[in-house]
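Keep the structure open beside you and try each task before you read on.

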Amino acid sequence: MIIAVVDDMIFISKIRAAAETLNVAIRFVRNSDALFAAARESHPSLIIVDLHSQKVGPLELAKGLRSDAGLQDIPLLGFYSHVETELRRQAEEAGFDRVMPRSAFSAGLAQILAPS
C-alpha cells in the first residue's frame, strides 16, 4: 500500500496508471486528517507528497509524521518543480527521506512504486 497526497490531476493519473501496471495498491488522500488516518490504518510502504499541494501544508505534514512514534518510520517522498531549490531544502529539513524534481519523479515512477 502506498498513500499519495497529490492535487494535480496529471500526477494523479500518472501515479494511478503506474500503480495499476505494477499491481500496487495506491490510496489518494486530500488532507492531513485523511493521511494520518489512512497511515495508521494501513501503515503504507511509502507516502508520496506533492510539495506544491494547495490542500495540505507538506512541510507541516512531514514534521507531524516524523513526530508520531507510530508513523515516523514510513518512507516519505516529496516531488517539486525543479526551480524551487529552497523548497527542496525545506522539505529535507522537515523530514522527507527523498525529495526529487517532478521530471525525475515522473521518469522514475515505476521504480519508485515497485515493491521492494
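**Exercise 1. Two helices side by side**

Find out how α2 and α3 cross: is the crossing left-handed or right-handed? Then describe the angle and the residues in contact.

*Solution.* 
Step 1. In this predicted model, α2 and α3 form a right-handed crossing.
Step 2. Their axes come within 11 Å, and the crossing angle is roughly 30°.
Step 3. Angles under 35 degrees count as roughly parallel, so α2 is roughly parallel to α3.
Step 4. On the α2 side, the contact is made by S32, L35 and F36, and on the α3 side by L61, G64 and L65.

**Exercise 2. The next pair**

Now work out how α3 and α4 are arranged, and what kinds of residues join them.

*Solution.* 
Step 1. The axes of α3 and α4 come within 8 Å and cross at roughly 15°.
Step 2. With the limit for roughly parallel set at under 35 degrees, α3 is therefore roughly parallel to α4.
Step 3. The crossing of α3 and α4 is right-handed.
Step 4. From α3, the residues L59, A62, K63 and R66 meet Q90, A91 and A94 of α4.
Step 5. The residues of this contact divide into four nonpolar, one polar and two charged.

**Exercise 3. Into the core**

Which residues of the largest nonpolar core touch the most other members?

*Solution.* 
Step 1. The largest nonpolar core has 24 residues, and L35, I47, L65 and F96 touch the most other members.
Step 2. Take L35 and leave out residues up to four places away in sequence: L35 touches I3, V5, V29, I47, L61 and L65.
Step 3. Another core, of 18 residues, lies apart from the largest one, and its members include I2, A4, I15 and F79.
Step 4. Here is a general idea to keep in mind: in soluble globular proteins, nonpolar side chains tend to be buried together.

**Exercise 4. Buried residues and their partners**

Decide for I15, A39 and D68 whether each is buried or exposed. Then list their contacts, leaving aside neighbours within four places in sequence.

*Solution.* 
Step 1. The cut-off for buried is under 20% relative accessible area.
Step 2. I15 is in helix α1. Its relative accessibility is 0%, so I15 counts as buried. I15 touches V6, I26, F28, F105, L109 and L113. I15 and I26 are eleven residues apart in sequence, and their C-alpha atoms are 8.3 Å apart in space.
Step 3. A39 belongs to helix α2. With a relative accessible area of 0%, A39 is buried too. A39 is in contact with I3, P44, I47, L71 and I74. A39 and M1 are 38 residues apart in sequence, while the C-alpha to C-alpha distance is 9.6 Å.
Step 4. D68 sits in the loop between α3 and β4. D68 has 17% relative accessibility and so counts as buried. D68 is in contact with F36 and R40.

**Exercise 5. Positive phi in loops**

Where do N23 and H43 lie, what is the phi of each, and how accessible are they?

*Solution.* 
Step 1. N23 has a positive phi, near 60°, and lies in the loop between α1 (9–22) and β2 (26–29).
Step 2. Exposed means over 50% relative accessible area, so N23 counts as exposed at 72%.
Step 3. H43 also has a positive phi, near 35°, and its place is in the loop between α2 and β3.
Step 4. At 39% relative accessibility, H43 counts as partly exposed.

**Exercise 6. A glycine in a loop**

Is G108 buried or exposed, and where is it found?

*Solution.* 
Step 1. G108 is found in the loop between α5 (102–107) and α6 (109–113).
Step 2. G108 has a relative accessible area of 14% and is therefore buried.

Conventions. Residues are numbered from 1 along each chain as its sequence is written. This is a predicted model: local features need pLDDT of at least 70, side-chain atom pairs count only at pLDDT 80 or more; totals for chains, interfaces and linings use all residues. Side-chain values use heavy atoms; hydrogens and water are left out. A nonpolar core is a set of buried Ala, Val, Leu, Ile, Met, Phe, Trp, Tyr and Cys residues joined through side-chain atoms within 4.5 Å. Buried means under 20% relative accessible area, exposed over 50%, partly exposed in between (1.4 Å probe, protein chains only). Contact means heavy atoms within 4.5 Å. Axes are lines fitted to C-alpha atoms, for helices over the stretch in contact, and angles run from 0 to 180 degrees between N-to-C directions. Helices (H or I, at least four residues) and strands (E, at least two) are DSSP runs, numbered from the N terminus. Angles under 35 degrees count as roughly parallel, over 145 as roughly antiparallel, 65 to 115 as roughly perpendicular and the rest as oblique. A crossing is left-handed if the near helix is turned anticlockwise from the far one by less than a right angle, and right-handed if clockwise. Ala, Val, Leu, Ile, Met, Phe, Trp, Tyr, Cys and Pro count as nonpolar, Asp, Glu, Lys and Arg as charged, and the others, Gly among them, as polar.
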